[in-house]
Amino acid sequence: MSLLSIENVDYSYAKKTTFEKHVLKKLSLKIEPGSFIGIIGHTGSGKSTLIKILNGLLKPDAGTILYKGENIWSKNFDLRNFHLDVGVSFQYPEHQLFCDTVKKDIEYGLINKGVPKEVYESKIKKTLNIVGLSESYLEKSPFQLSGGEMRKVALAGTIVLDPEVLILDEPTAGLDPKSTQQIYDSLKTYQAQTNSSIIVVSHSMEDVSEYVTDIVALDDGQILLQGKPDQVFDNAEKLKKVGLDVPITTNILRLLAKDNPSVNTNIYRYEDTKLEISRLLKDAILK
Ligand SMILES: Nc1ncnc2c1ncn2[C@@H]1O[C@H](COP(=O)(O)OP(=O)(O)OP(=O)(O)O)[C@@H](O)[C@H]1O
Ligand SMILES: [Mg+2]
């Protein structure tokens, strides 16, 4: 049994009006404990809608959503608790910060969840550690922080609730490479400590190839490709047809392979690319 799964889900906006838009089409997806899934897809392919379906913010027109084997839209299902178990961080979550201190912002969810006050402090400390912020931030105003720091505070507000599934819509959009790495490192740390499942939506092929274990490529509300990064990125033509691509390092290796058939073109991470280029350079020197 999967932790969270959706089966044959259909969803349309503005139903029964002239603006009706059929966005998700018979979509099925399984999320296993401890998985780290990257969702890619061109603008308007249905990624954010899928996220809202996954955490029960939108009710599908057809299909089922099961959490630990229970239908989340059945009468007796506790949707409120489900929203806490499946934490979502929407795009630009820093726009949702509204308290006058970082501490109050992170605490807000704990209060709502009814977590006993005695454990606030230890939970907040642990969470700050995961997102890489020191305790000196707690009394600062979120509005005096840099964009990357605000993003970390917002992430802390979601992580502090111990979600079993953590869903993030473009968590690193607009961040520099260092902050991007820090955010992904935080997610990996959280996952290592909790065996939670993480789902990120991203427009960056480089980021998904670097950090996730599984990729789901959406096209027009359907799954175009699904699998490990090397399986998905083995389909460059299919990806390009729908406005996606393979990571830039893979593209470079594939260009090099046109002159040198010994180049391994099924490489998509920076470290592996470095090793392959070093090997090619050594071979060239020894020739
Ligand atoms: N509230 C809404 N009412 C009507 N149509 C909507 C609504 N939200 C989204 N849509 C439409 O549904 C389609 C899918 O939108 P969605 O936000 O899921 O795409 P996305 O893959 O997340 O895109 P992006 O990469 O730009 O964030 C788009 O065509 C969009 O215009
Ligand atoms: Mg979106």
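A cavity is a set of grid points where a 1.4 Å probe fits but cannot get out. In this predicted model, the count comes to 1 cavity of 30 Å³ or more. The space inside the largest cavity is about 50 Å³. Its lining is formed by Ser89, Phe90, Pro93, Arg151, Leu155, Leu168, Asp169 and Pro171. Helix H5 and strand S7 (165-169) are the elements that each contribute two or more residues to that lining. Sorted by class, the lining comprises 5 nonpolar, 1 polar and 2 charged residues.

The nonpolar interior may be considered next. In soluble globular proteins, nonpolar side chains tend to be buried together. Here the largest nonpolar core has 49 residues, and those with the most contacts inside it are Ile40, Ile106, Leu187, Val200, Phe233 and Leu239. Helix H5 (residues 147-159) gives the most to this core, namely 6 residues. Leaving aside residues up to four places away in sequence, Val200 touches Phe36, Ile37, Gly38, Ile39, Leu168, Pro171, Tyr184, Leu187 and Val212.

Most residues other than glycine have a negative phi. Lys26, which is not a glycine, has a positive phi near 50°. Lys26 belongs to strand S2 (residues 21-31), and Lys26 counts as exposed because its relative accessibility is 57%, where exposed means over 50%. Asp220 likewise has a positive phi, of about 50°. Asp220 sits in the loop between strand S9 (214-219) and strand S10 (222-227), and with a relative accessible area of 40% Asp220 is partly exposed.

Methods. Residues are numbered from 1 along each chain as its sequence is written. Chains are lettered from A and ligands numbered from 1 in the order in which they are written. This is a predicted model: local features need pLDDT of at least 70, side-chain atom pairs count only at pLDDT 80 or more; totals for chains, interfaces and linings use all residues. Side-chain values use heavy atoms; hydrogens and water are left out. A nonpolar core is a set of buried Ala, Val, Leu, Ile, Met, Phe, Trp, Tyr and Cys residues joined through side-chain atoms within 4.5 Å. Buried means under 20% relative accessible area, exposed over 50%, partly exposed in between (1.4 Å probe, protein chains only). Helices (H or I, at least four residues) and strands (E, at least two) are DSSP runs, numbered from the N terminus. Contact means heavy atoms within 4.5 Å. On a 1 Å grid over the protein atoms alone, a cavity is a set of points where a 1.4 Å probe fits but cannot get out, and a pocket is an open set with protein on both sides within 12 Å along at least five of seven lines; lining residues have an atom within 4 Å of a point. Grid points are joined across faces, edges and corners, and a volume is the space filled by probe spheres set on the points. Ala, Val, Leu, Ile, Met, Phe, Trp, Tyr, Cys and Pro count as nonpolar, Asp, Glu, Lys and Arg as charged, and the others, Gly among them, as polar.
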